Amino acid sequence: MDFNAGLERYLLMAKVQKGAACREIIDQAISAPDVFMFQELLDLPQIQGLVGTEHEPTHRLLQCFAYGTVRQYKEQAALLPELKPEQHRKLQLLSIVFLCSQSKIVPYAELMQEAGIATVEDLEDTLIDAFGLGLVQGQLDQAQQQIQVTFAASRDLQEGDLDAMLNTITGWTNLAESTLTTLRTQMAQADSVKQARQDHSVAIQKQVEENTVKHQLDAKAAASNPRARAVRDAQSWGPSGMAGPSQ
């Protein structure tokens, strides 16, 4: 799904408007069911021109939809326009996308806090809506009260996010390299132990074979030497012709 599919029409309208008209365009965009990314709209000079005017609260609201969550909206609600029901629902969905993009396992409690959802039932309904829109994919674990995330859509990046992402990727890369080095060391140690065991086994087998051959040669030599055989027989029998005591 193209999460930016419906934004183009609002971009076209905003490019030829200003002031209150741009405020209305923002209101329409954050209400639209097919728009979930807003950076291009924020970047328009006409939208940036709302800063420092009576319409600045609407500009801040657009920023909240681009980067924020329901919890963050509530923290600055006094400075922002009131949300319409469909806007509140969309911001809940975006809040869920935000958390699911940060971790593969997200507890229900964190989702409820960030998205401003009061009950587990309402949370699961919202998650099912997110699944249906393709914003998030995963498995609901009702026993553990968490979601196991397999996919989360991207949100707009604000200043500083790219550096944070690069730091995260660098950290993952360093961890992967460290893990790979450790695995290689462990594999080398395992190979060394395996080779030592094989060498020891070969040495034992060689010794057994050498001893077997030696005993066979000794037996043949004794069998072919009458005097040695007589001595052996004398050692086996006592002076009266009876077998001597066992040693």
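## A pocket to start with

Sorted by class, the residues lining the second largest pocket comprise 5 nonpolar, 3 polar and 5 charged ones. Here Ala, Val, Leu, Ile, Met, Phe, Trp, Tyr, Cys and Pro count as nonpolar, Asp, Glu, Lys and Arg as charged, and the others, Gly among them, as polar. A pocket is an open set of points on a 1 Å grid over the protein atoms alone, where a 1.4 Å probe fits and protein lies on both sides within 12 Å along at least five of seven lines; lining residues have an atom within 4 Å of a point.

The second largest pocket holds about 150 Å³ of space, a volume being the space filled by probe spheres set on the grid points, which are joined across faces, edges and corners. Of its 13 lining residues, Arg-23, Asp-27, Thr-58, Leu-61 and Pro-81 lie nearest the centre. Helix α2 gives the largest share of the lining, 5 residues, and both α2 (20-31) and α5 (56-67) supply at least two residues each.

## About the model

You are looking at a predicted model, in which local features need pLDDT of at least 70, side-chain atom pairs count only at pLDDT 80 or more, and totals for chains, interfaces and linings use all residues. Residues are numbered from 1 along each chain as its sequence is written, and side-chain values use heavy atoms, with hydrogens and water left out.

## The chain as a whole

The protein chain has 11 helices and 3 strands; helices (H or I, at least four residues) and strands (E, at least two) are DSSP runs, numbered from the N terminus. Along the sequence, the pattern reads α-α-α-α-α-α-α-β-α-α-β-β-α-α. Of the 247 residues in the chain, 29% are buried, where buried means under 20% relative accessible area, exposed over 50%, and partly exposed in between (1.4 Å probe, protein chains only).

Contact means heavy atoms within 4.5 Å. Among the chain's contacts with a separation of 6 or more, 58% join residues 24 or more positions apart.

In soluble globular proteins, nonpolar side chains tend to be buried together. In this model the largest nonpolar core has 50 residues, with Leu-41, Cys-100 and Leu-111 making the most contacts inside it. Helix α7 (residues 85-100) gives the most to this core, 7 residues. A nonpolar core is a set of buried Ala, Val, Leu, Ile, Met, Phe, Trp, Tyr and Cys residues joined through side-chain atoms within 4.5 Å.

Setting aside neighbours within four places in sequence, Cys-100 is in contact with Val-106, Leu-111, Val-136, Ile-147, Val-149 and Ala-152.

Phe-98 is found in helix α7 and is partly exposed because its relative accessible area is 28%. Beyond four places in sequence, Phe-98 is in contact with Thr-69 and Arg-155. Lys-104 sits in the loop between α7 and β1 (105-107) and counts as exposed, because its relative accessibility is 56%. Not counting residues up to four places away, Lys-104 touches Ile-147, Gln-148, Val-149 and Thr-150.

Ser-31, in helix α2, has 18% relative accessibility and so counts as buried. Leaving out neighbours within four places, Ser-31 is in contact with Lys-84, Glu-86, Gln-87 and Lys-90. Gln-145 lies in the loop between β2 (136-141) and β3 (146-152). Phi of Gln-145 is near 55 degrees, a positive value in a residue other than glycine.
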